[in-house]
Amino acid sequence: MKNNLNLTLVGKPLDRIDGPLKVTGKARYSAEFPMKKIAYAVPVGSEIANGKIRNIDTNAAEKAPGVLIVVTHKNRPAMNFPKKLQGGGSDADDRVPLQDANIRYSGQYIALVVAESLECAQYAASLIKVTYIENDPLIDFKHKSAERYEAESWFGEKICKTRGVPDTALASAPVKVDYIYRTPTQNHNPMETHATTASWDGSKLTVYDATQGLYNTRKALCDIFELPATDVRVVCKFIGGAFGCKGSMWTHVPLCVMATKVLGRPVKLVLSRPQMFTNVGHRAETEQRVAIGAEKDGTIKSIVHEGTSQTSIAGEFIETFTKATPMLYQSPNVFVAQKLVRLNKGLPTFMRAPGETPGVFALECALDELAFALDMDPIALRMKNYARKDQESGMPFSSKSLDKCYLLGSERIGWEDRKQKPGSRREGDYLIGLGMATATYPVNHFNASCKVVLNGDGSFLFESSTHEMGTGTCTVMAQIGSEELGVPYDKVTFELGDTDLPMAPVSGGSATVSTVGSAVIGAARALKQDLINQLCDKVGSPFSAVAAGDVKVEEGKITAGLNDVSLTYTDALKALNLPSLTAKFDTSFDRKKDKYSMHSFGAQFIEVKVDPDLGHVVVSKAVGVFGNGRIINEKTCRSQVHGGIVMGIGMALQESTVMDRRSGRIVNANLGEYHVPVNADIPAIEGYFVPEEDNIINTVGAKGIGEIGITGVAAAVANAIFNATGKRVRDLPITPDKIFV
Ligand code: MOS
């Protein structure tokens, strides 16, 4: 697939179209659709993490002023309980709420109160009295009663992989490292909490929902309430951050729909910040062993990466931390495998670069430990084992610029000043250290449809039901569309966020630009072709004597070379006597047909200052360099990698969801105690893209940018702290207590 786009607009750091709407408050989020006679729903969570409801007394709540209904498992209306709601990597058997009296995790919804006002509903919720039959919660990985089993496959791909003779090769390697790395539970915590506003109009259900997956949400609701898709519309024009937690439909959505159905009035349900920690997924805790054996010259002979991640008694989610390992470095012998442990926690889910984020932390720390054991420069070790083709599949990479990323990053961070011996650089009370790590994330494609309409005034409207979650989707899609059509950017509008528009997949896996962008190009090309065909067919048209193959559309002008006629799009519509023209395109990506291995690669560089007496860490420099194919919009792309790096620094030093092991309750389910970086924690970040042309991946030539930015950051921070202090911390977050002891 040769891409012949001209490069006039693509790459330009254009401002976001939705920027002014957001800063003036005109952008409407899912909780912001006022409706007549709207009622307010408050879900009530279980206080215990494991057991059964013995009795739930809702009398006082029902009698409270303003209360409309109180629903529990005892009186809920009939709902369908489909076995699997969404498929893919997340088995969601607990997405239908109030199934029975069983309690699987703390915070699991046990009742819904709906009232005339939010305050009434909250007060009534506090009056519900519950008694439980309580069992000890399974919270600890090592709990002897916890069910432990092999994680088998992820989107059809087997997780356990063996290449060569990994154990033998490891045992005989002259230099080896073999350590355990731990990453804690983390929560996404987007600014906008999950929110749903649902209403009925006759037989039609409309749901405004904060979701990264409009079509999936509609399908799940159709399955639960046995409705035809034509009767359900899900709308989400703006998302106030998501990071994966809005990638699946969670329990509160059917609760809200159930309430609106029972009451025959619109109902709004907005989760509280504490509920964001329990009911809408999290990044699973992991415990990973990485062992690497090498020759004395640094040639890797064997890599073993195995371990455990937590899943839920309420369903299965695999945090695929071994996913990148078999591909990333040259090694004749590799073994990767993962286990799952079912605990009394909510279901984990996708969180920014799921799998790679914790996995690359462990692998890239182990590489750094190996470099130290070999007395070798960490970049030299990575270059010594540089993979020129995918080590697992044997396929060539569609493009790979990782070597250039190492080079530019090392220049920008001042790598030549790094000392191999830890603790060698000091500035006052602070020790200075430099660390680096590889970043990697696959290029994903799903499938999408896009429709385009050419209007009589020469403006274009593209439509696809994708999502604007703060990444700049509508801006970038309008850029791609205007580019392909050869018309000014302000002639193009891109509509998204509504299941009434053509199908688009979940906005996840960094696949929106690659997938929906390809559909936009496809629709634009189909429209141009249709115009040409009609012009050539039409008697009396300036092109009636010309073969369609000889007609071209360049820079918005339709010409045939044979004569000097040149039509604008508006001229063409006039010549055809049409008020407008519509075209549609469906992408047909099929991973099974890929002949290339497609990945983004990058390099993360971090400088830290550490006070060894206080354990205080300051990240003083952060440089991320990425090879990401074409950069459609320099500004929105850079924002994504900056955000990823900030999130990676938070992961390295601060973020951790802490559970009370006796009660199974989260003790820091708020933004006061769940620490995320603030501006003072973050240095001026430098994000760079090395030029990379990739005509194989898709017609856009773009690889997707949302997730790679976080990968490798935590390892680069840990490696920098080691370089500064000689202290190797293998369990995140690296809090001061782990440094000064
Ligand atoms: Mo992303 S974790 O696929 O939203």
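1. Which right-handed unit do E24, helix H12 and E25 make? E24, H12 (residues 473-485) and E25 make a β-α-β unit. Right-handed means that, with the strands pointing away from the viewer, the path from the first strand over the helix to the second runs clockwise. Helices (H or I, at least four residues) and strands (E, at least two) are DSSP runs, numbered from the N terminus.

2. This is a predicted model, in which local features need pLDDT of at least 70 and side-chain atom pairs count only at pLDDT 80 or more, while totals for chains, interfaces and linings use all residues. Residues are numbered from 1 along each chain as its sequence is written, and side-chain values use heavy atoms, with hydrogens and water left out.

3. Strands E24 (residues 460-463) and E25 run parallel and are joined by 4 bridges; strands pair if DSSP finds at least two bridges between them. Phe-462 has Phe-494 in E25 as its bridge partner. Phe-494 lies with Val-492 on the covered face of E25 (residues 492-495), and Thr-493 and Glu-495 are on the uncovered one.

4. Helix H9 (residues 356-374) spans 26 Å from its first C-alpha to its last, close to the 27 Å expected, which is 1.5 Å times one less than its number of residues. Because 17 of its 19 residues are buried, H9 is largely enclosed by the rest of the structure. Buried means under 20% relative accessible area (1.4 Å probe, protein chains only). Asp-375 follows H9 and has a positive phi, near 55°.

5. The largest nonpolar core has 70 residues, and Ile-606 and Phe-361 are among those that touch the most other members. Such a core is a set of buried Ala, Val, Leu, Ile, Met, Phe, Trp, Tyr and Cys residues joined through side-chain atoms within 4.5 Å.

Definitions and conventions: Buried means under 20% relative accessible area, exposed over 50%, partly exposed in between (1.4 Å probe, protein chains only).
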